[in-house]
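Hi everyone, thanks for coming. I'd like to walk you through one model today, so please have it open on your screens.

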Amino acid sequence: MTWLILVAVFGLSVAQHNPHLKHGRTSIVHLFEWRWADIAAECERFLGPYGYGGVQISPPSEHIVLDNPWRAWYQRYQPIGYKLCSRSGSEAELSDMITRCNNVGVNIYVDAVINHMCGSGGGEGTHSSCGSWFSASKQDFPSVPYSSQDFNNNKCHTSNGEINNYGDPNEVRNCRLVGLLDLALEKDYVRGKVAEYMNKLIDMGVAGFRVDAVKHMWPGDLQNVYGRLHNLNTKWFSNGSRPFIYQEVIDLGGEAISAREYFHLGRVTEFKYGAKLGTVIRKWNGEKLSYTRNWGEGWGFMPNGDAFVFVDNHDNKRGHGAGGASIVTFWDPRLYKMAVGYMLAHPYGVTRVMSSYRWDRNFVNGKDQNDWIGPPSNSDGSTKPVTINADLTCGNGWVCEHRWRQIYNMVKFRNVVNGQPHSNWWDNQSNQVAFGRGNRGFIIFNNDDWDLDVTLNTGMPGGTYCDVISGLKENGTCTGKQIQVGGDGRAHFKISSRDEDPFVAIHAESKL
């Protein structure tokens, strides 16, 4: 009997590691703070045609509306209830987006905030995105409903109810994270309400969840909630498919709570990935690109089958979260394109591309005082639409890194080389490296301060290939560099250290 239970639990967890990406698609994009109407249009006009496999959306649940600081991005992470009206749009718009994206082969993954409600100082009234009344001081959220009985008031043994010591796992999981009212997820009633919310989204057609603040919840409580979830909607997913679960656990090593404690439940965010890759790309602490020959588990990262990876996320690109100043973002576009290119070329993990908006940074003593700023918005606080320029870039303050040619072409590269081994490694013992993916792709970087001029075995069939970093293959010609691969698989590469993008990538489908 025990054996049967173990098999059942193992089967469930393995299923929850699968993102259910449609055939030939391998990467997710986080359209942070986008409106549902804009995401629906983006799936149809860009993400589907350009080979993206899924979108992580901002939390769709009813959230607090903050006037101070005004409309901050993090108000989305302070739920008032589980109604589906948010700054991104109504429940009808959410449903329309899920349907339209699924219909063009692009999955939707929901950022699920289930550890807590709003902050204890959130006041009372109807300043929420659906207009529901609540009282933070009374811990009263009638739209769920939750009362003071549904929070971890008695389990937290700190004097102020806050997490004061991150070295104590009990405190981290039973006390309030930065004042946010901590739900008692061991209660059957609370588990039922959380599962009901997630199941409504599954039935609408989402493919899975990025679960927020997972280190602050007990693995057993999460296992119970995940076990209550429905199978995915068979209109778009095969019969018996379990929702994809990827869990936010910040673990840079030496933490009291380890990412490993959650592997059996789904994939886990590998925060060491972006922190280390940023350090390498920036050439800090004596790190060199040549040291990444055994990138992945060889660097002490979690097992490949458990890893969910990214160069930056909505948190750490603002200087908090994990990784500190080493995190590379769109503010350093040259380094950023190299880092994202490296991630997408390398076989480790399930990959997520970030898509951001700009804000006016204001550094005082090394800290950005404006890291709270919400999405581009109108004077009434409503989020501005994403406008698209003739050159495929975005306007209205939206950065749209996922539309940068170097990035969307590397998303295609990853699709083309999927399943092929990491092969034909070369390095100059410094910051010039190259590697292939079997006979389907090859990439070479020059992150040194001198030029690269070398002939290498690419492992690719002979022919003329378009470099997908400097241009495109269009109408039978290359708009950027051409790479000639001989019958022996060898090719000559020249990359100036002054090039706008000092890397070159070719793949089977970029061949003329």
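**Starting from a loop**

Let's begin at Gly-487, which lies in the loop between β24 (482-485) and β25 (490-495). A quick word on what you are looking at: this is a predicted model, where local features need pLDDT of at least 70 and side-chain atom pairs count only at pLDDT 80 or more, while totals for chains, interfaces and linings use all residues. Residues are numbered from 1 along each chain as its sequence is written, and side-chain values use heavy atoms, with hydrogens and water left out.

Is Gly-487 buried or exposed? Gly-487 is exposed, because its relative accessible area is 85%; exposed means over 50%, buried under 20%, and partly exposed in between, with a 1.4 Å probe and protein chains only. Gly-487 and Met-460 are 27 residues apart in sequence, and their C-alpha atoms are 8.9 Å apart in space.

Now for the region around that loop. UniProt, in an unreviewed entry, annotates residues 423-511 as "domain: Alpha-amylase C-terminal". UniProt positions are in the numbering used here, feature names are shortened, and annotations may be inferred rather than shown by experiment. Over residues 423-511 the chain is 0% helix and 52% strand, with the end C-alpha atoms 19 Å apart.

Please find strand β19 (residues 441-446), where six of its six residues are buried. On one side sit Gly-441, Ile-443 and Phe-445, and on the other Phe-442, Ile-444 and Asn-446. Which strands pair with β19? Strand β18 (residues 432-437) pairs with β19 in the antiparallel sense over six bridges, and strand β26 (residues 503-507) does so, also antiparallel, over five bridges. Two strands count as paired if DSSP finds at least two bridges between them. Phe-435 stands opposite Ile-443, and Phe-442 stands opposite Ile-506 in β26. β18 and β19 form a hairpin with three residues between them, and Gly-438 in the turn has a positive phi of about 60°.

Next, the barrel. Eight strands close it, in the order β1-β2-β3-β8-β9-β10-β11-β12, with parallel pairing. Strand β11 (residues 307-309) pairs with strand β12 (residues 350-355) in the parallel sense over two bridges, and Val-309 has Thr-351 as its bridge partner in β12.

On to the cores. A nonpolar core here is a set of buried Ala, Val, Leu, Ile, Met, Phe, Trp, Tyr and Cys residues joined through side-chain atoms within 4.5 Å. The largest one has 136 residues, and those touching the most other members include Met-97, Phe-141 and Tyr-146. Helix α8 (residues 333-345) gives this core its largest share, nine residues. A second, separate core of 15 residues includes Ala-434, Phe-442, Ile-483 and Val-485.

Finally, α8 packs against helix α9 (residues 405-417) at an angle of about 10°, with their axes 9 Å apart. So α8 is roughly parallel to α9, since angles under 35 degrees count as roughly parallel, over 145 as roughly antiparallel, 65 to 115 as roughly perpendicular and the rest as oblique. Those axes are lines fitted to C-alpha atoms, for helices over the stretch in contact (heavy atoms within 4.5 Å), and angles run from 0 to 180 degrees between N-to-C directions. Among the residues that meet are Tyr-336 and Leu-344 in α8 and Met-410 and Phe-413 in α9.

Methods:
Helix = DSSP H or I, 4+ residues; strand = E, 2+ residues; numbered from the N terminus.
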